[in-house]
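Dear colleague,

I am handing over a structure that will be new to you, and below it I have set out what was found. Please keep it open while you read.

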Amino acid sequence: MLGQRRDPPRGQHRRHGLRCRGAGVVRVVGHDAAAGRCDPHRYTGRRGPHDGGGPRGGGDRRNRRAHEPGGECMSVRVRFAPSPTGFLHVGAARTALYNYLFARAEGGVFILRSDDTDTARSSQEYQDDILEHLRWLGLEWDEGYGLGGPGTFRQSDRYERYAQVAAELVESGAAYYSFVTPDQLDQFKQDARTAGTSPAYDGSLEPEPAEAGRRQSEGESAVVRFRVPRPGETVFTDVVRGDMRFEHAQVDDFVILRSDGRPTYHLASTVDDVDYGITHVIRGEDLLSSTPKHILLTEAMGGVPATYAHLSLLMGPDGKKLSKRHGDTAMAAYREAGYLPEAVNNYLALLGWSASEDDDDVVSMADMIARFDLGALSRNPAVFDTKKLDWMNGVYIRNLDDEAFVAMTLPDLERSLGRSLSAEEVERFRDLVPLVKERTKVLPEVSEQVLFLFRPLDGYDEASWEKVMETPEAAVALDGAIEALTDLDPWTTEAIDGALRDMLESEGLSARKGLQPLRVAVSGSTVSPPLFESLEVLGRDETIARLRAARAELA
RNA sequence: GCCCCCAUCGUCCAGCGGCCUAGGACUCCGCCCUUUCAAGGCGGCAACGGGGAUUCGAAUUCCCCUGGGGGCACCA
């Protein structure tokens, strides 16, 4: 019996028959099986007949996906199943996010699985990276890898189970031992190509059953292939793409078990989806054309296919599929570059979904959950453009409270400084936080802005110096400031402000002409946080010293 | 080559037959505010790929073309 699972994950699943039925339907030509679904008004996708979601306005979007309890549906179970063959990248993170949002929106379960059947390319380092960054993003999973409990949710631990399923499929005739050689297959595909026909392998190169049985029992190396019923077709309704139809003539008799006994992705992934009771498979569009294989496999196992939702892919600025050559695609790079997880989530959510009701597109995780609607996701591929991410990160940074901001930026500041800040210095830094915050897009910029306050100047920015120091007003301003500030007491922003403005007036200088030289003298650049506050934090002695040094440089 | 998906400003999204002289966000450009840089305010540039068809009426429906993307492994 195929439906049995020997490694049931935490939380027993109902019998398949009780599950909310997916939209997958296999049919032999001429037979149109009805796709019973527990709620025809949900997840029909935009391509389906309009469900009459009510008049626009009045929050009908919410009503459309409101969950009706008490139905026959078992609760939603989704999974994010990355292969640990690389660091968590932004595209995968978006897939994880949408899975997470859907689970939370439906009161369902979010599962993390490790699809590590590619033993050659998988590594623990990648696996760790994926976990770490999912956690960093706050996409906590309810079941799965790394949480303990029954089941490891790691496919490399379940080879026996997959082999067992494969054996049962062979037993039932749904699959067979295949002896075609790679060369033969190449030739087959080559011929199909020149003939302009479908290159899908149909098993026609296999030996007679009797001979196959003999060779198999003699221990000849063989793979197990799934026998795709031909003619026939698989139709299903994709939640984001609508009704899909794939003729089986286009589908290979695909390998499910390698000659070394290990499963392929199709087998392992499908078995797991059945065993773990996955109700909705939300994944990248690159798997769309593999879906018939998964549905066929599921049904051959006696399972009920999940509902599928295929997300559009992320592209680089050149319109090609996002990859390393487009620059940073690893989540780690964004974390290190000083992006906040909230901003990353928000931005990623926007790539393919109109996540916010507000004009500025800023939306909290809670609101995203409240609004999430699988059927409303865009079908267009989206270009990953960091410009908007930068802006959005600035928004989130500005919204940080001062304490959090200090906590997040202090380590980098101290690292740049090469020493730790005294308690008194931290206080001074804190005083400047409101000013610095609104000038920051990514965290490391903070150090750049305030470093001059905590260490001696290491020279002046050349362009800045030329621009404001090589003017007739510079010396006047510096002399005037030195005089105005030398005996200033108290040394506060207000007092400095007053003293310097008096100086400007008596010297007949505009603020621009008179203050910029001071800024360069003190900070080394024409770009810095507000001057008076900066001077207060710098302290009188250091301020005067820097003004004198610049003045000397002028002479 | 075969199969599949997609097609609104530079980018993301809205638009679900009349409310569209197409809306918002980011970017960019002006102006205002201002001691610099930001932030903020105001304003501007900027799109329905092409062709047919249906309809009184199409960005919205259908077909074709073109363009872009994905898949066609003992990778996932």
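The residues around the second largest pocket divide by class into six nonpolar, six polar and five charged. Please bear in mind that this is a predicted model. The volume of this second largest pocket is about 350 Å³, and among its 17 lining residues, Glu448, Gln449, Phe452, Ser523 and Val527 are the ones that lie nearest its centre. Helix H15 gives six residues to this lining, which is the largest share.

The largest pocket holds about 1100 Å³ of space, and its lining is made up of 36 residues, with Pro82, Ser83, His89, Ala92 and Asp286 nearest the centre. Two or more lining residues come from each of strand S2 (77-80), helix H2 (90-105) and strand S10 (280-284), and H2, with four residues, has the largest share. Sorted by class, the lining of the largest pocket has 15 nonpolar, eleven polar and ten charged residues.

Helix H15 (445-454) comes up again at helix H21, where it is included in what covers the buried residues, together with H16 (462-469), H17 (472-486), H19 (511-523) and H20 (531-538). H21 itself runs over residues 540-554 and spans 21 Å from its first C-alpha to its last, close to the 21 Å expected for its 15 residues. Which residues of H21 are buried? They are Thr543, Ile544, Arg546, Leu547 and Ala550, and because they cover an arc of only 165° around the axis, they sit on the same side of H21. Asp541, Ala552 and Glu553, on the other side of H21, are exposed.

With best wishes

Notes. Residues numbered from 1 in each chain as written. Chains lettered and ligands numbered in written order. Predicted model: local features only at pLDDT ≥ 70, side-chain atom pairs only at ≥ 80, totals over all residues. Heavy atoms only, no water. Expected span 1.5 Å × (residues − 1). Buried < 20%, exposed > 50% of the residue type's maximum accessible area, 1.4 Å probe, protein only. Arc of directions from axis to C-beta. Contact = heavy atoms within 4.5 Å. 1 Å grid on protein atoms, 1.4 Å probe; cavity = no way out; pocket = protein on both sides within 12 Å on 5 of 7 lines; lining within 4 Å. Points joined across faces, edges and corners; volume = space filled by probe spheres on them. Nonpolar A, V, L, I, M, F, W, Y, C, P; charged D, E, K, R; others polar.
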